[in-house]
Amino acid sequence: MTSKAIEAFHFFRAWLSEPLRVAAVVPSGRALSTLMVSELSPEIGPVIELGPGTGSFTRAMIAKGIAEENLALVEFGSDFASKLCFDFPRANTLRMDAARLHDVVLFNGVPAGAVISGLPLLSMPPKKVLSILDGAFGHLRPEGAFYQFTYGPRCPISRSLLDRLGLKAKFIGHTFANIPPAAVFRISRRKPRRQPAQRLLQMPTSLGGQQNERNLGV
């Protein structure tokens, strides 16, 4: 049996045991992996991967030149976590729920440049998705981004949840070569709105000797 066949077997077995936690029946293909890491570079710094499974996105990041030591792999499934430790011994593999990201210190406190998510957010309750996003952005530097794929036609994170966290979503691309076809979105922080400058204008002194002032926006 080839390594790809073994990987597919492990993935399918995990899906059978927890279909709501594992996003697909088979691992992500090369086309989706390439799309997910298309905006990453070695200079991006530490990267957090959520739900790496058998490591399809992990290998794509390493192929892009991101050092294995700069990867934190957050995986809840014990079988997947054990395989990740074996395949990527220099990465930091954490066997934990991604909703508990607030509870850990990663990369000795150095902010990450990106989060790559293979989590099935559409099958999760909004409260859990909120915890995952809030924790992930707590580890990201201000310009960092959260990359999420989906098999659906729209971003898997609701507009109301994005608004609540001050985030925005941008469509990165779509691949029909993956089974099933998938799309990738980049989630990032919104820029704070600029407050209009205020200028104090002094009005001429009134007949009564009192000075009137008013604020006008410019």
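Predicted model: local features only at pLDDT ≥ 70, side-chain atom pairs only at ≥ 80, totals over all residues.
Which residues on the other side of helix α4 are exposed?

**View 1. Seven strands form an open sheet.** The strand order is β3-β2-β1-β4-β5-β7-β6. Pairing in this sheet is mixed. Strands β3 and β6 (167-175) stand at the edges. Each has a single partner strand, so one side of each is left without a neighbour in the sheet. From one strand to the next, the twist averages 20°.

**View 2. Strands β2 and β3 run parallel.** Four bridges join β2 (residues 71-75) to β3 (residues 92-95). A72 has N92 of β3 as its bridge partner. The chain leaves β2, passes through α4 and reaches β3. This β-α-β crossover is right-handed.

**View 3. Helix α4 lies across β2 and β3.** The helix spans residues 78-87. It runs at about 165° to β3. F80, A81 and L84 of α4 are buried. These residues cover an arc of only 100° around the axis, which puts them on the same side of α4. An α-helix has 3.6 residues a turn, so residues three or four places apart point the same way. As for the opening question, D79, S82 and F86 are exposed on the other side of α4.

**View 4. Strands β6 and β7 pair in the antiparallel sense.** Eight bridges link the two strands. F171 stands opposite F185 in β7.

**View 5. The largest nonpolar core has 31 residues.** Touching the most other members are I48, L50, V74, F146, I157 and I187. Strands β1 (47-50), β2, β4 (112-117), β5 (140-150) and β7 (182-189) each supply at least two residues of this core. Helices α5 (126-139) and α6 (159-165) also supply at least two each. The largest share comes from α5, with six residues.

**View 6. I187 has contacts beyond its neighbours in sequence.** Which residues does I187 contact, leaving aside its neighbours within four places in sequence? They are F137, A145, F146, C155, I157, L162, L167, K168 and A169. Two of these partners, F146 and I157, are listed with I187 among the core residues that touch the most other members.

How values were computed. Residues numbered from 1 in each chain as written. Heavy atoms only, no water. Buried < 20%, exposed > 50% of the residue type's maximum accessible area, 1.4 Å probe, protein only. Arc of directions from axis to C-beta. Pairing = 2+ DSSP bridges. Right-handed = clockwise from strand over helix to strand, strands pointing away. Core = buried A, V, L, I, M, F, W, Y, C linked by side-chain atoms within 4.5 Å. Contact = heavy atoms within 4.5 Å. Axes fitted to C-alpha atoms, helices over the stretch in contact; angles between N-to-C directions.
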